[in-house]
Amino acid sequence: GDLGPGQALSRDAASFSYVYALRDKIWLVLLDTARYDPVNLVEGEVRPETCAWLEENLEAAQEQGIQVLVLGHHNLLQESRMYTTMCVMDNGQEVVELLERYHVPLYISGHLHLQRVKKHKREPGATGYGIHEIVSDAFSIPPCQYGAVSWQEDGTVNYETRSTDVSSWAAKKGMENEELLNFEAYQKSYVHELIKEQVKKKIDDIPEETADSMGLYYAELYADYCAGLRIDQAEAEYEKGYGEWERFMPDSREMDEIRAMIRDSVEDSNRFIFSQEREDEEPS
């Protein structure tokens with residue numbers, strides 16, 4: 001029609017959901033997953049009316065050979081062993097089935113504040129096509145990164161995180177603030193110290209030096225966990241801090257969280273490539 005790239009093609013009358021044409025053969029769906037009627041809630045869902053609207057647009061895209069990517073705030077899949085409530089939208093399975101019915105390759109969300117990539121599998125060990133979810137961590141939290149998505153002519157989707165180069169920006173602006181000029185080192189030490197002090201409040205009757213060591217171990221692990229970095233289990237469990245947690249607080253909630261973070265981080269979640277050809281070749 002007369003609409004150009006980037007202009008809204010459709011809006012759902014029941015929610016703040018939109019369809020945008022990014023390119024001739026690429027549509028972007030901004031899906032409203034919030035629950036604010038009659039009151040605001042942390043939990044999310046996609047309304048039945050919105051699901052019907054979404055299916056109409058997915059069907060139209062399929063008929064025209066258009067690739068669709070979907071973005072929503074709440075998570076589609078269970079992404080964390082630490083945060084298990086109020087993250088996945090209430091009708092997530094219904095939405096998964098709808099998106100997979102039209103072979104949507106990717107759903108991008110936030111809410112969890114953890115960098116994550118996960119593929120939906122109908123059952124453990126299943127292969128073949130399944131929608132992938134990318135959870136983007138909070139831009140305001142170190143390492144202050146954002147996600148960049150690009151498309152190839154063959155339909156391949158590339159995703160990678162990029163860190164904001166605050167130091168170069170500060171230098172170009174002629175700033176003298178050392179924290180901004182050395183932002184990468186500053187932000188890391190800042191978040192480590194902040195989390196360490198929060199964790200230390202939960203450590204009682206342990207020498208200060210040991211509490212510092214335990215707090216810093218948790219803080220460094222948590223920062224890497226949020227950033228979606230791969231954590232080597234053998235290395236993490238070999239460190240002094242892990243042994244101190246096992247010795248002094250083995251049955252604590254914090255120790256359970258440490259184990260969960262390590263188990264959740266077997267892969268790096270900062271890069272992702274979706275290839276339709278590769279998905280179709282996998283046995284289902």
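**View 1. His103 and the end of helix α2.** His103 follows α2 and has a positive phi, near 55°. The model is predicted; local features need pLDDT of at least 70, side-chain atom pairs count only at pLDDT 80 or more, and totals for chains, interfaces and linings use all residues. Residues are numbered from 1 along each chain as its sequence is written, and side-chain values use heavy atoms, with hydrogens and water left out. Helix α2 covers residues 92–101. Helices (H or I, at least four residues) and strands (E, at least two) are DSSP runs, numbered from the N terminus. The buried residues of α2 are Gly92, Val95, Val96, Leu98, Leu99 and Glu100. Buried means under 20% relative accessible area, exposed over 50%, and partly exposed in between (1.4 Å probe, protein chains only). Their cover includes α1 (48–63), β4 (67–72) and β5 (106–109). Contact here and below means heavy atoms within 4.5 Å.

View 2. His111 is found in the loop between β5 and β6 (116–119). Its phi is near 60°, positive in a residue other than glycine. His111 counts as buried because its relative accessibility is 18%. His113 is also found in the loop between β5 and β6. His113 is not a glycine either, yet has a positive phi of about 65°. At 42% relative accessibility, His113 counts as partly exposed.

View 3. The bond from Asp37 to Pro38 is cis, with omega near 10°. Pro38 lies in the loop between β3 (26–31) and α1. Pro142 and Pro143 are also joined by a cis peptide bond, with omega about 15°. Pro143 is found in the loop between β7 (132–135) and β8 (145–151).

**View 4. The crossing of α6 and α8.** Helix α6 (residues 208–226) packs against helix α8 (residues 240–248) at an angle of about 115°, and their axes are 8 Å apart. Axes are lines fitted to C-alpha atoms, for helices over the stretch in contact; angles run from 0 to 180 degrees between N-to-C directions. That angle makes α6 roughly perpendicular to α8. Angles under 35 degrees count as roughly parallel, over 145 as roughly antiparallel, 65 to 115 as roughly perpendicular and the rest as oblique. The crossing is left-handed, meaning that the near helix is turned anticlockwise from the far one by less than a right angle; clockwise would be right-handed. From α6, Thr210, Ser213, Met214, Tyr217 and Tyr218 make the contact. From α8 come Lys240, Gly241, Tyr242, Glu244, Trp245 and Phe248. By class, the contact has six nonpolar, three polar and two charged residues. Ala, Val, Leu, Ile, Met, Phe, Trp, Tyr, Cys and Pro count as nonpolar, Asp, Glu, Lys and Arg as charged, and the others, Gly among them, as polar.

**View 5. Glu244, a buried residue of α8.** Glu244 sits in helix α8. It counts as buried because its relative accessibility is 10%. Not counting residues up to four places away in sequence, Glu244 touches Thr210, Ser213, Met214 and Met249.

**View 6. The largest nonpolar core.** This core has 30 residues. A nonpolar core is a set of buried Ala, Val, Leu, Ile, Met, Phe, Trp, Tyr and Cys residues joined through side-chain atoms within 4.5 Å. Those with the most contacts inside the largest core are Ile203, Tyr217, Tyr218, Trp245, Ile258, Met261 and Ile262. Helices α5 (183–200), α6, α8 and α9 (253–264) each supply at least two of its residues. The largest share, 10 residues, comes from α6. Ile258 is in contact with Tyr217, Tyr218, Leu221, Tyr242 and Trp245, leaving aside its neighbours within four places in sequence. Another core, of 26 residues, lies apart from the largest one; Leu58, Ile66, Met89 and Tyr102 are among its members. In soluble globular proteins, nonpolar side chains tend to be buried together.

**View 7. Ser265 and its surroundings.** Ser265 is found in the loop between α9 and β10 (271–274). At 2% relative accessibility, Ser265 counts as buried. Leaving aside neighbours within four places in sequence, Ser265 is in contact with Arg116, Tyr225, Leu229, Arg230 and Ile231. Ser265 and Leu229 are 36 residues apart in sequence, and 6.8 Å apart in space from C-alpha to C-alpha.
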